[in-house]
Amino acid sequence: MEVLKIAQDAEASLRQIGVVLAKNQVLAARILKAANSVLYSGPPVSNLTSAMMRIGLSGLKQLVCVYSFQCKVARRHEYQHVLERYWIESVASAVAADGIARARHADIQLPFLAALVHDIGRPIALTILADLRRDHLNFRKADEAAILKLVELVHGRLGGLVAARWKLPRELQETMIYHHEAVIYKGAARELVLTIAGADAFVGRIGVGGQPEQQFSADAYKVFRELGLDRSHIEGIVRPVRERADQLAGLMG
Ligand SMILES: [Fe+2]
């Protein structure tokens, strides 16, 4: 909650983030590792202050969010390989949402964070279903394809419930619930919901977690139009998404 608050706070300073990192050695070590990675060029840095200066305020907020959420959803079960795919898709979606927000000259913090967490219902649903398969004979008959279909069906509502429980802002809750119904959603979080739906369209088109889709769907183009994104914006976003998502995911190990 502390991390989330700071990540959403436009006024949050390097100092405040430093206070959070000082309380979490694992997070601090990862920030240090990120600062010395290919994401940021320059001579090696060996202390947290230099690492934070190099990454910069908005990059730090994003990294802290990525790491915090990775811890929240990680637990071993038989669908570990799927969890890994979900994770990389969320990171890629966050990178794409960042690209969309920048292309629209909109705020970048909330779209990145929202994209990162919007599918939180997926790992949670998958973990519940893995437990059910382990404990109930009837569920053992369900193959992986059926399980994954169930996850897709329930993850939005489930994510919304979790968001309410975590007392996440209303906008984030709505995004979790409605991101697959963006073109018909007319609520207060419309801009954010559209941004996340657009980001997911990029992830599908690029094929981050599997086969790339041949083209954007008609709904994706509707979303892009609503967001005011033209062809040159779209091309400008596609290219860096895969590369940055791979780099970010590479830092997770
Ligand atoms: Fe989703």
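1. A residue counts as buried if 20 or more other C-beta atoms lie within 10 Å of its own, as exposed if 12 or fewer do, and as partly exposed in between, with C-beta atoms placed from the backbone. Ile120 is buried because 24 other C-beta atoms lie within 10 Å. Ile120 sits in the loop between α7 and α8 (121-135). Its C-alpha is 11 Å from that of Leu172, at a separation of 52 residues in sequence.

2. This is a predicted model: local features need pLDDT of at least 70, side-chain atom pairs count only at pLDDT 80 or more, and totals for chains, interfaces and linings use all residues. Residues are numbered from 1 along each chain as its sequence is written. Helices (H or I, at least four residues) and strands (E, at least two) are DSSP runs, numbered from the N terminus.

3. Helix α7 (residues 109-117) packs on helix α6 (residues 80-103) at about 155 degrees, with axes 7 Å apart. Axes are lines fitted to C-alpha atoms, for helices over the stretch in contact; angles run from 0 to 180 degrees between N-to-C directions. The pair is therefore roughly antiparallel (under 35 degrees is roughly parallel, over 145 roughly antiparallel, 65 to 115 roughly perpendicular, the rest oblique). The crossing of α6 and α7 is right-handed (the near helix is turned clockwise from the far one; anticlockwise by less than a right angle is left-handed).

4. The contact uses Ser90, Ser93, Ala94, Ala96, Ala97, Asp98, Ile100 and Ala101 of α6, and Pro111, Phe112, Ala114, Ala115 and Leu116 of α7. Contact requires C-beta atoms, placed from the backbone, within 7 Å. The α6 and α7 contact residues are ten nonpolar, two polar and one charged. Nonpolar means Ala, Val, Leu, Ile, Met, Phe, Trp, Tyr, Cys or Pro; charged means Asp, Glu, Lys or Arg; the others, Gly among them, are polar.

5. α7 also meets α12. Their axes come within 10 Å and cross at roughly 60 degrees, so α7 and α12 are oblique to each other. This crossing is right-handed. Leu110, Pro111, Ala114 and Ala115 of α7 face Leu192, Thr195, Ile196 and Ala199 of α12. By class, that contact has seven nonpolar, one polar and no charged residues.

6. In α12 (residues 190-206), 13 of the 17 residues are buried, so the helix is largely enclosed by the rest of the structure. Just after α12, Gly207 has a positive phi of about 75 degrees.

How values were computed: Two residues are in contact if their C-beta atoms, placed from the backbone, lie within 7 Å.
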